[in-house]
Amino acid sequence: MSLAYITATAIRSVAGNTEDTIDAIFNKKCNLKIYDSIIDDKKVCIGKFPQEITFQQLLIDSVSEVLKKSNLSSFHNTLLLVGSSVGGMATTEKIFFKENSYSSIDPEKHIINAIATILDDKFKFKSHRSYSTACTSSANALKTAKELLVLNAYENILVVGADEICMTTVFGFSSLGILSDEPCTPFKENRKGMNVAEGIGVLLLQNKATTDSIILAGAGASSDAYHIANPDPSSNGAKQSIFNSLFDANIDANQIDYINAHGTGTGANDLVEANAIIEIFDNVSVSSTKSIIGHTLGAAGAIEAIISVEVLKQQLLAPQLDSTNKEKKINLIDYKKDAEVHYVLSNSFAFGGNNVSLVFGKKNENKC
Amino acid sequence: MKINVEIVSYSLINDAVKIENLNEKELVPKMMIRRRLSRSSKIFIYLASETGFKTGNVVYGSAYGELIDSVSILESINNKTIVSPSSFQNSVYNTAASYHSIISGNKSEISTISSGDNTSHTIMKEAGLVLQRVDEVFVCSIEAMNFKGVEKINRCDNDLEYGIAFVLRKTNDKATLVVDSISELGVPKSLEWMKSLYDLCRKDKRNIVEIEL
């Protein structure tokens, strides 16, 4: 049986490129901005890329960066797995809001698969698949990548989580009353909601280790079977997802040293996740990095996987922007901290009660 | 890596415009939930019932997702009217499988694939992977495109509502079916592969197909 090694990564976020984003995460440099001209009579705090460069170009740049960092000369023998919640919706919106008609819209550029098509045209992958389970999209893609590599079905798998900001998601989350007008404060009392943001996370997973690779050691999922948008208040779905990932990694809860929480900053999500963490773990270190780069929706699983990888590589716990006045007694990280980190858990939860938890480990751990 | 899977039950439903009888009142007795279901959700719940599927792992597929709710949101933003929270909640691609999980109490894993024209073939590959861990998986692929203005964007002669579902089990027995023709008038391209496989299925024999992961 093989293992799934993460051998090269890249991020594009509101904080900038990979280096900028990792620096922003560990040094609490929030890049979310408040806009008062998007929704009438309402301020929203969201994360948008600078307009000088297109999303498509950032997508290609980030994948090129991973190819350059990798031991591959091309992606011709690599399976591409894309996770996205909106695909080409932003392209559709630009045309529709300008022309007030669907006539000029190309369906192939609207769909989730539009992202994989852009990348396949450029890099010529062996094959490609796209996943869309809202905010767990790229976490599900990572789960599949891990399972395929363990079976030796593929040697190289590139996972891309990508979501461009669009009015559908900004107005949609606003209609639910969960879009904050300031940078989000996950797990805090009286938190005001989430910050939608755009982002791209790219991970190359291979069935052979490289000098500084990190293992995707476990992947678990579950369904709440409760409500189309609200999480199950019993936390059972979240807990089951976490248990499944620990079982898959063949480790105990007390071996997790840090949790990169889903932590959106909404009342319902954070309460459910905090209760799950309290019930399963004993004072484990936790943070939500969404307070710094926002909630990148379908890209969040991939981006937060890369942050988890960096925590393991640098042996540094990633802080949260504001860790004061917690609603629940969880051990939120306030500043970056040196720590001995063996395993990291990353949670992703989505509409429809779709839950995914991923466990990352250093490559020399006994049970990995 | 290749594995063989057996299709233990199968169902298909389609209409050029709108499928009329999805048995909604019997399958979803609670009116409050029934009223919120998207068209894809109603088709999913019908197909699950027809194949006898209740709980277990699910691999769902749709190339275009919840177009009707997506269009509703776009129209609201464009017309400066209030975006419906229900439309937004229902606009994600995994909506249909999620509503079924809520109604049936299914807490198992659900994956949703949206791979354009290859969607139905890809969900079979994903199902093959899932069958490495569990005994049975429900696969379902649906397109529901009957939104106001679809004629301006739909350049194909496809049925606007179409759904196919299989219950699959892993087997070590030889394949009995081979998909070699995948083009048929009226079938959305994303569903062509499963439709071709569906056409090969026979009630009086075992229906086994080889899947490359």
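1. Let me start with a single residue in this predicted model. Asn207(B) has 21 C-beta neighbours inside 10 Å, and the cut-off for burial is 20 or more, so Asn207(B) counts as buried. The residue lies in strand E6 of chain B, which covers residues 207–212. Setting aside neighbours within four places in sequence, Asn207(B) is in contact with Glu6(B), Ile7(B), Thr176(B), Leu177(B), Cys201(B) and Arg202(B).

2. Stepping back to chain B as a whole, you will find eight helices and six strands. Read from the N terminus, their order is β-α-α-α-β-α-α-α-β-α-β-β-α-β. The radius of gyration of chain B is 17 Å, close to the 17 Å that the globule rule gives for 213 residues, so the chain is as compact as a globular protein of that length. The C-alpha trace of chain B spans about 60 × 40 × 30 Å along its principal axes.

3. Two further values describe the interior of chain B. Of its 213 residues, 54% count as buried. Among contacts in chain B with a separation of 6 or more, 76% are between residues 24 or more positions apart.

4. Within chain A, please have a look at the pair H6(A) and H11(A). Their axes are 5 Å apart, and the helices pack at an angle of about 65°. From H6(A), the residues Ser137(A), Ser138(A), Ala139(A) and Leu142(A) meet Gly301(A), Ala302(A) and Ala305(A) of H11(A). This contact of H6(A) with H11(A) holds four nonpolar and three polar residues, and no charged ones.

5. Is H11(A) mostly covered or uncovered? Mostly covered: 13 of the 15 residues of H11(A) are buried. The length of H11(A) also agrees with expectation, because at 1.5 Å a residue its 15 residues should span 21 Å and its end C-alpha atoms are 21 Å apart. Just after H11(A), Gln315(A) takes a positive phi of about 55°.

6. Finally, two loop residues of chain A are worth a look. Asn283(A) is not a glycine, yet has a positive phi of about 60°. It sits in the loop between helix H9 (267–280) and strand E10 (285–287) of chain A. Asn283(A) has 10 other C-beta atoms within 10 Å and is therefore exposed, the cut-off being 12 or fewer. Asn325(A), again not a glycine, has a positive phi of about 45°. The loop that holds Asn325(A) runs between strand E11 (316–317) and strand E12 (331–332) of chain A. With 11 C-beta neighbours inside 10 Å, Asn325(A) counts as exposed.

Notes
Residues are numbered from 1 along each chain as its sequence is written. Chains are lettered from A and ligands numbered from 1 in the order in which they are written. This is a predicted model: local features need pLDDT of at least 70, side-chain atom pairs count only at pLDDT 80 or more; totals for chains, interfaces and linings use all residues. Axes are lines fitted to C-alpha atoms, for helices over the stretch in contact, and angles run from 0 to 180 degrees between N-to-C directions. Helices (H or I, at least four residues) and strands (E, at least two) are DSSP runs, numbered from the N terminus. Two residues are in contact if their C-beta atoms, placed from the backbone, lie within 7 Å. Ala, Val, Leu, Ile, Met, Phe, Trp, Tyr, Cys and Pro count as nonpolar, Asp, Glu, Lys and Arg as charged, and the others, Gly among them, as polar. The radius of gyration is taken over C-alpha atoms; the globule rule is 2.2 Å times the number of residues to the power 0.38. The expected span of a helix is 1.5 Å times one less than its number of residues.
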